[in-house]
Amino acid sequence: MGIIWTIIIGFVAGVIAKFIMPGSNEPSGFILTTILGIAGAFVASYLGQALGWYQPGEGAGFIGAIVGSIIVLFVWGLIARRR
């Protein structure tokens with residue numbers, strides 16, 4: 001259930017992160033924004049586990065997922081800018 005919960009939280013966090021961090025180099029499609037939000041939730045989960053904020057098997061919280069999504073969107077913007 002942890003993976004499914006991370007995906008659901010990532011979906012919502014990706015949409016919120018897109019509203020917080022809009023830009024011309026950011027993904028504009030709903031599906032891509034959702035996928036990057038889910039990736040951000042996974043990044044936040046693994047980063048939080050590495051830092052000791054979360055226990056193994058425990059997913060990131062809602063705020064952590066939003067922060068992870070913003071990090072992924074920022075990296076995406078850097079990569080897209082280079083092209």
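Q: What is valine 72 in contact with, leaving aside its neighbours within four places in sequence?
A: Valine 72 is in contact with Leu36, Ala39, Gly40 and Val43, where contact means heavy atoms within 4.5 Å. A word on the source: this is a predicted model, in which local features need pLDDT of at least 70 and side-chain atom pairs count only at pLDDT 80 or more, while totals for chains, interfaces and linings use all residues. Residues are numbered from 1 along each chain as its sequence is written, and side-chain values use heavy atoms, with hydrogens and water left out.

Q: Why is valine 72 called buried?
A: Buried means under 20% relative accessible area, exposed over 50% and partly exposed in between (1.4 Å probe, protein chains only). Valine 72 has 16%, so it is buried.

Q: What makes serine 69 buried?
A: Its relative accessible area is 0%, so serine 69 counts as buried. Not counting residues up to four places away in sequence, serine 69 touches Ala13, Gly14, Ala17, Leu36, Gly37, Gly40 and Ala41.

Q: Which helix holds serine 69?
A: Serine 69 is found in helix α3, and valine 72 lies in α3 too, which covers residues 62-82. Helices (H or I, at least four residues) are DSSP runs, numbered from the N terminus.

Conventions: Helices (H or I, at least four residues) and strands (E, at least two) are DSSP runs, numbered from the N terminus.
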